[in-house]
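This report goes from the overall dimensions to the helices, the nonpolar core and a few single residues. The sequence and the model come before the text.

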Amino acid sequence: MTTISTGTASTATLTDTDVVRAVFQAFADADLAALGDLLHADATWHHRNEDRLGGVHRGSDAIMAYLARSAELTAGTLRAVPQSFMADGQGRVCVLVRLSATRADGRAMDGPQLVLVTLDGGRVRSINQFVGDPAAVAAFWA
């Protein structure tokens, strides 16, 4: 659990799952400031697929650029909806996600992905993203 203070009046205790839910909510709200606050400056995001967005994005700025590029390529239609969360109580949360988006040329993606989030001190240290259908995802991002 992580205890955070907001201002001088309130304190909230968040579980690892709460923090990861906040990451997904910030993404859904396109709240880049809130999302950035949830990442360590040297966090990594590993998009595990052979496509234009694949590979390791190192640092919060690179992660934000990766997410911004994803949103740009999909004209804002990219949705990551968590289906279930499983936490180990030691800073790791696994999330089954339904990812959907469309491209301007009519290509569409809608399927499961698995995201493993590692937390440190109540902030994201790393994200490992495993796509459900690697060939279809690569074709979508091509």
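Accessible areas come from the Shrake-Rupley method with a 1.4 Å probe, and for residues only the protein chains shown count as cover. On that basis the protein has an accessible surface of about 7,600 Å², and 54% of that surface belongs to carbon and sulfur atoms. This is a predicted model, in which local features need pLDDT of at least 70 and side-chain atom pairs count only at pLDDT 80 or more, while totals for chains, interfaces and linings use all residues. Residues are numbered from 1 along each chain as its sequence is written, and side-chain values use heavy atoms, with hydrogens and water left out.

**Overall layout**

The radius of gyration, taken over C-alpha atoms, is 15 Å; this agrees with the value near 14 Å that a compact globule of 142 residues would have (the globule rule is 2.2 Å times the number of residues to the power 0.38). Along the principal axes, the C-alpha atoms fill a box of roughly 50 × 25 × 25 Å. Of the 142 residues, 39% count as buried, where buried means under 20% relative accessible area, exposed over 50%, and partly exposed in between (1.4 Å probe, protein chains only). A contact is a pair of residues with heavy atoms within 4.5 Å. Among contacts between residues at least 6 apart in sequence, 45% join residues at least 24 apart.

The secondary structure comes to 4 helices and 8 strands. Helices (H or I, at least four residues) and strands (E, at least two) are DSSP runs, numbered from the N terminus. Their order from the N terminus is β-β-α-α-β-β-α-β-β-β-β-α.

The expected span of a helix is 1.5 Å times one less than its number of residues. Both helices below come close to that value.

| Helix | Residues in helix | First to last C-alpha | Expected span |
|---|---|---|---|
| α1 | 13 residues | 19 Å | 18 Å |
| α3 | 14 residues | 20 Å | 20 Å |

Helix α1 covers residues 16-28. Its buried residues are Asp16, Thr17, Val19, Val20, Val23, Phe24 and Ala26. In α3, the buried residues are Ser60, Ile63, Met64, Tyr66, Leu67, Ser70 and Leu73.

After α1 comes Ala30, with phi near 55 degrees, in the loop between α1 and α2 (32-37). Ala30 counts as exposed because its relative accessibility is 59%. Just after α3, Ala75 takes a positive phi of about 50 degrees, although Ala75 is not a glycine. Ala75 lies in the loop between α3 and β5 and, at 67% relative accessibility, counts as exposed. Ala75 and Ala101 are 26 residues apart in sequence, yet their C-alpha atoms are 8.9 Å apart.

**The nonpolar core**

A nonpolar core is a set of buried Ala, Val, Leu, Ile, Met, Phe, Trp, Tyr and Cys residues joined through side-chain atoms within 4.5 Å. The largest one has 34 residues, of which Val20 and Met109 touch the most other members. The elements that give two or more residues to this core are α1, β3 (39-48), α3 (60-73), β5 (79-87), β6 (92-102), β7 (108-120), β8 (123-131) and α4 (134-141). Which residues does Met109 contact, leaving aside neighbours within four places in sequence? They are Leu78, Leu99, Ser100, Ala101, Val137, Phe140 and Trp141. In soluble globular proteins, nonpolar side chains tend to be buried together.

**Strands**

Two strands pair if DSSP finds at least two bridges between them. Strands β3 and β4 (residues 55-58) run antiparallel and are joined by 4 bridges. In β4, Val56 is the bridge partner of His46. The hairpin that joins β3 to β4 passes through 6 residues.

Val81 lies in strand β5 and, at 42% relative accessibility, counts as partly exposed. Leaving aside neighbours within four places in sequence, Val81 is in contact with Leu96, Val97 and Arg98. Between Val81 and Tyr66 there are 15 residues of sequence separation and 18 Å in space, C-alpha to C-alpha.
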